[in-house]
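This report is meant for a reader who is meeting the structure for the first time. Please keep the sequence and the model in view while reading the sections below.

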Amino acid sequence: MILARILSVIIGYIFGLFTAGYFYAKHVNVDIRKMGSGNIGTTNTFRTLGKKAGIIVFLCDGFKGVFAVLLVWAIFHARYPQGVQILEVYGGLGAVLGHNFPVHLKFKGGKGIATTAGMMLAFCPWAVPVCLVLFVLSVFVKRYVSVGSLLVCLGFFVQTVVFGQMGILGAPPQALGEIYLVVGIVCVLGVIRHQSNIKRLLSGTENKV
């Protein structure tokens with residue numbers, strides 16, 4: 001199943017290359033990389049191009065993760081019925097990598113939170129309510145999108161482990177360790193991409209909504 005893992009990552013990466021923030025900004029004749037924080041993701045799009053643009057980019061970036069997981073399932077579930085969940089998370093990982101490190105933008109992409117959320121929705125939808133509450137509380141109470149994003153990463157990983165141990169994921173026991181590892185990598189990538197935000201949070205200079 002090694003080849004299937006590699007193909008799943010490649011499939012996800014191709015989806016991830018649709019960097020919605022960059023393409024939307026290009027459509028309105030601006031380069032979002034030269035605006036605001038310079039990031040091509042949802043938050044910078046909201047701040048620099050407005051609510052409509054932000055919502056469109058969020059949905060597009062999120063559905064990259066959804067479609068990557070679903071396509072991997074569609075391709076491999078009949079061939080690997082006992083291992084397809086492993087391949088699904090590799091598809092999600094690929095989508096996040098494609099968003100964060102897109103080859104057509106010299107590997108300078110976004111932070112991958114919307115795409116991670118899409119992966120979560122397709123792979124572990126039971127984790128969405130708690131993560132949504134964590135994000136909403138962080139944004140509307142503390143006014144920090146970055147804190148909400150970090151909590152989404154933590155909530156996704158913790159709940160994946162909990163639901164896996166409870167048997168809710170539907171994955172065989174021998175597959176759980178690898179699933180936890182890949183989901184953990186996705187979530188760690190989200191934290192790493194927020195290094196500058198974490199530094200500003202600690203210094204009290206982080207931007208609020």
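## Salt bridges

A salt bridge is here a side-chain nitrogen of Lys or Arg within 4 Å of a carboxyl oxygen of Asp or Glu. The model is a predicted one, and by this rule the count of salt bridges in the model comes to 3. One of them joins the side chains of glutamate 178 and arginine 5, with a distance of 2.7 Å from N to O. Because glutamate 178 belongs to helix H9 (residues 173–192) and arginine 5 to helix H1 (residues 2–16), this pair ties together parts that are 173 residues apart in sequence. Glutamate 178 itself is partly exposed, at 22% relative accessibility.

Another salt bridge brings arginine 33 together with aspartate 31, and here the N to O distance is 3.0 Å. Both partners are partly exposed, arginine 33 having a relative accessibility of 38% and aspartate 31 one of 22%. There is also a salt bridge between aspartate 61 and lysine 64, whose closest N and O atoms are 3.3 Å apart. These two residues, aspartate 61 and lysine 64, are both found in helix H4, where they stand 3 residues apart, about one turn of the helix. Are aspartate 61 and lysine 64 buried or exposed? Aspartate 61 counts as buried, with a relative accessibility of 1%, and lysine 64 is likewise buried, with a relative accessible area of 4%.

## Aromatic pairs

A pair of aromatic rings can be described by the distance of the centres and the angle of the planes. In this model the count of aromatic pairs comes to 6. Among them is the pair of phenylalanine 18 and phenylalanine 23, which is stacked, with 5.6 Å from centre to centre and 25 degrees between the planes. Phenylalanine 18 is partly exposed at 41% relative accessibility, and phenylalanine 23 is partly exposed at 32%.

Phenylalanine 63 and phenylalanine 67 also form a stacked pair, for which the distance is 5.6 Å centre to centre and the angle between the planes is 25 degrees. How many residues apart are phenylalanine 63 and phenylalanine 67 in helix H4? They are 4 residues apart in helix H4 (residues 51–76), which means that about one helical turn separates them. The relative accessible area of phenylalanine 63 is 38%, so that this residue is partly exposed, and phenylalanine 67 is partly exposed as well, at 43% relative accessibility. Together with Phe15, the residues Phe63 and Phe67 form one aromatic cluster.

## Cysteines

How many disulfides does a search of the whole structure find? The search finds 0 disulfides. For cysteine 153, the closest cysteine sulfur is that of cysteine 187, and since the two sulfur atoms are 5.2 Å apart, they are too far from each other for a bond, the cut-off for a disulfide being sulfur atoms within 2.5 Å.

Cysteine 153 counts as buried, with 2% relative accessibility, whereas cysteine 60 is partly exposed, with a relative accessible area of 28%.

## The largest pocket

The largest pocket has a volume of about 1400 Å³. Several elements give two or more residues to its lining, namely helix H3 (42–49), H4, helix H6 (113–123), helix H7 (128–142), helix H8 (145–166) and helix H10 (195–203). Which element gives the most to the lining of the largest pocket? The answer is H4, which contributes 8 residues.

In total, 49 residues line the largest pocket, and those that lie nearest its centre are Thr42, Thr43, Phe58, Phe135 and Val145. Divided by kind, the lining of the largest pocket is made up of 22 nonpolar, 19 polar and 8 charged residues.

## A loop residue

Phenylalanine 101 is placed in the loop between helix H5 (84–100) and H6, and this residue is partly exposed, with a relative accessible area of 27%. Although phenylalanine 101 and lysine 111 are 10 residues apart along the chain, a distance of 9.3 Å separates their C-alpha atoms.

Key
Residues numbered from 1 in each chain as written. Predicted model: local features only at pLDDT ≥ 70, side-chain atom pairs only at ≥ 80, totals over all residues. Heavy atoms only, no water. Buried < 20%, exposed > 50% of the residue type's maximum accessible area, 1.4 Å probe, protein only. Phe/Tyr/Trp six-rings, centres within 6.5 Å; stacked < 30°, edge-to-face > 60°. 1 Å grid on protein atoms, 1.4 Å probe; cavity = no way out; pocket = protein on both sides within 12 Å on 5 of 7 lines; lining within 4 Å. Points joined across faces, edges and corners; volume = space filled by probe spheres on them. Nonpolar A, V, L, I, M, F, W, Y, C, P; charged D, E, K, R; others polar.
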